[in-house]
Amino acid sequence: MKKTVNRIGCMLLLTVLLVSFSGSLFAQGQKVKSDGPITLTVWNFKYAEEVAGEAFKEMDRLFMAQNPGIIIDHQAQPESNYYQMLLSAFSAKSDLDVFLTHTDQRAWVLAELFHVFDTDIVDVIDTYAPSALEACSETKSPDSDIKILPLTAQGNGIYYNKNNFRKAGLDPEAIPSNWNDFLAACEKLKKAGITPIIFGNQGSSFGIDFTYRAILGTLLGTDGINGFADGSTAFTDKEFVQATRMVKELYDKGYVNVENGSIPYFMDAITDFQNGNGGFFPGLASDIAHWKDFGSGFGIENVGYFSAPVAANAAFPNAQVNQGAGIGFAVTEYSPHLDAATKYAKFMTSGEAGKIFMDATGAVVPNSTIPVDASNVVLSDILRRLNTHGVPDFMNVVPGGMIQDFYNFMTLYFISGEISESQYIDQVQKLYKANL
Amino acid sequence: MNLLKRSKKFRLTQEARDAWILLTPLLLLTVGFLVYPVFSNFYYSLTRWKGLGDPVFIGLENYTRMFQDERFYSSLKNMGILVLYIPLGVGLPLLIANTLRNGLKGWKMYRAMLYLPNILGPVILGTIFSVMLSQVGPITEILRRIGFEKANEFYLLGKSVSAIHTLSFIFVVLMRVGFGCIYFLAAMSTIDQNLYDAARIDGTNKFQDFIHVTIPGIKFSIQFFSVLAFIEVFARMYGIIFTLTGGGPGYATNTLEFAVYKLSFSSYQKGYASAWAVVLFFFCAIIALIQIRLIMKEEMS
């Protein structure tokens with residue numbers, strides 16, 4: 001009996017030792033290999049997408065061919081809880097060197113563990129668009145505290161389907177950006193049996209959100225929007241109330257697709273508009289839900305675009321929401337291969353690699369080493385608006401911690417209609433103050 | 001002399017030593033993965049922390065904020081509604097089990113059908129129902145084809161009241177009915193047949209058999225199943241809420257458990273989320289105590 005107990009004891013001890021040893025090896029990951037090629041672990045929430053994923057694979061192949069000592073372990077991660085996973089990875093300092101990230105509040109909440117690129121990009125800083133660098137800087141400066149290298153320029157506005165305009169008896173070349181013209185166009189579309197506006201609001205209310213962003217740009221301008229960063233602009237201000245009433249009017253008049261609450265923006269609503277349904281769609285300037293997606297659906301010659309529906313009293317009628325950068329590559333501050341990781345991030349956001357991404361996805365890469373196709377009329381118009389009338393993106397300025405709750409209140413007010421306008425405004429302002 | 005006495009007093013018997021050797025790994029795991037997290041959660045609930053960097057001690061500020069937060073009371077209300085469905089979630093499988101026990105043609109097929117939601121699990125079930133009940137889902141399409149043109153305006157998950165009741169019915173009743181049937185059938189098989197025979201001699205009908213023989217005979221099983229239902233409502237709903245409603249519309253299907261996740265991982269307020277988790281911990285502790293008491297009572301009887 002004693003022998004058996006001793007044996008069990010030894011086995012338990014051995015198990016504990018084995019678990020500890022393998023645990024420490026796991027924590028070290030691949031980093032224990034000191035000689036041989038370096039393996040960079042890259043996380044990417046777009047890697048599983050068919051078109052973008054193929055582009056990234058090709059970019060990786062090119063990088064590895066030019067840098068034989070570096071192997072890229074590119075891993076697809078789900079976008080729905082990407083930042084939660086990043087937070088966990090950062091907390092555990094797990095095996096992650098480079099990662100794709102948005103340039104909005106979702107990223108900045110975690111930015112203390114992002115590597116600062118300032119000294120690494122001295123030689124190429126002029127090739128990146130200053131507005132993109134500002135979006136990638138933690139302090140919104142074009143030449144310091146750069147923590148993300150921009151892969152796409154981004155903004156948002158309203159697309160329309162010229163085919164459906166013709167069917168409704170509207171002139172497709174007369175852009176209905178004036179609010180009254182916009183409502184009149186919606187009415188004509190509705191009468192012709194075409195859903196005037198396609199929204200996707202399930203989960204996160206992006207349909208409402210993107211429309212808000214566009215309208216608020218025209219009502220508040222750069223200073224007003226930046227005021228949301230420090231509380232000098234409030235949700236109780238008349239401009240936000242007016243924007244709210246404008247969006248609500250679209251719902252009240254039945255211009256928004258009835259099913260908007262049960263279809264997600266990504267990708268169902270996008271696909272719906274791409275398939276030729278609907279008159280208007282609040283889309284993006286680059287990368288996804290943009291001119292290329294819709295052009296492939298109903299012909300680029302039938303894609304119309306304008307920055308925002310503009311109210312008669314709007315102080316900034318030409319405002320075009322410009323995020324500066326949409327997505328980009330960042331490097332973990334604790335990566336044991338900082339040089340290689342930085343090299344990879346620079347490579348992916350410029351030159352040949354950036355062009356591969358742009359050609360495949362239709363994204364605008366804000367880097368002067370990648371010329372944009374000037375023959376594309378819609379793209380040229382979007383770029384002109386972004387460059388000449390850019391205003392910050394309101395959602396990039398408000399505290400990141402309030403966004404999901406803000407969406408909840410949008411749902412309650414606009415979609416389920418369970419709270420009043422004053423309750424909605426009060427709740428959002430309260431939420432904003434709590435997160436400021 | 002005293003030292004010798006003391007060492008004798010603390011000398012373990014062979015049996016106790018063996019027990020300690022076998023229990024130690026489990027105890028270590030319990031301390032590492034259960035006890036430590038619970039205590040550290042109490043500490044984090046007194047801090048401001050987003051999950052990175054050092055937590056900042058802020059005393060009871062998170063609790064003050066929580067008790068002033070409408071979302072907290074809305075979560076409690078939602079859990080109250082879910083709890084109200086437990087009698088139906090217990091009673092329905094009990095009745096079905098009794099029917100099956102009394103013999104029903106093709107009962108094996110019914111049993112398989114009833115058990116299916118339990119096999120699928122909360123995540124798959126949530127996903128299936130979110131598609132089925134969608135305004136662009138198959139049910140809407142069928143309704144439209146048979147003449148209900150405005151079927152897409154009806155969305156069970158789109159209004160607060162209908163969303164919480166739909167969630168409650170799916171999770172507390174539908175998902176548990178299969179397991180409940182099997183569980184109660186197994187419990188009913190332990191009842192002595194002589195009791196039914198004796199009751200028949202006294203002239204009882206099937207309903208009276210059910211009330212006066214079956215229910216008292218499986219009283220402990222019913223109590224235990226009810227306690228399990230409470231545990232599931234309080235601490236195992238994350239998967240179905242995430243896939244079915246995401247906690248919405250608004251906060252209509254938010255529970256304490258789901259809110260802990262949202263606050264912690266979507267809003268990066270881990271300190272504040274920990275305060276919510278402390279409240280959840282006390283609810284779960286009360287349920288666990290009731291469960292332990294029931295088991296002890298049964299063992300004693």
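This is a predicted model: local features need pLDDT of at least 70, side-chain atom pairs count only at pLDDT 80 or more; totals for chains, interfaces and linings use all residues.
Residues are numbered from 1 along each chain as its sequence is written, and chains are lettered from A in the order in which they are written.

Chain A contains 17 helices and 10 strands; helices (H or I, at least four residues) and strands (E, at least two) are DSSP runs, numbered from the N terminus. Its radius of gyration, 24 Å, is close to the 22 Å that the globule rule gives for 436 residues, so chain A is as compact as a globular protein of that length. The radius is taken over C-alpha atoms, and the rule is 2.2 Å times the number of residues to the power 0.38.

Strand β9 of chain A (residues 327-331) is largely enclosed by the rest of the structure, because five of its five residues are buried, that is, 20 or more other C-beta atoms, placed from the backbone, lie within 10 Å of their own. I327(A), F329(A) and V331(A) cover one side, with G328(A) and A330(A) on the other. Strand β3 (residues 98-102) of chain A runs antiparallel to β9(A) and is joined to it by five bridges; pairing requires at least two bridges found by DSSP. Here L100(A) stands opposite F329(A).

Between the chains, 27 residues of chain B are in contact with 27 residues of chain A, contact meaning C-beta atoms, placed from the backbone, within 7 Å. On the side of chain B that touches chain A, α2 (14-44) and α13 (256-266) of chain B each supply at least two residues.

Key. Two residues are in contact if their C-beta atoms, placed from the backbone, lie within 7 Å. A residue is buried if 20 or more other C-beta atoms lie within 10 Å of its own, exposed if 12 or fewer, and partly exposed in between; C-beta atoms are placed from the backbone.
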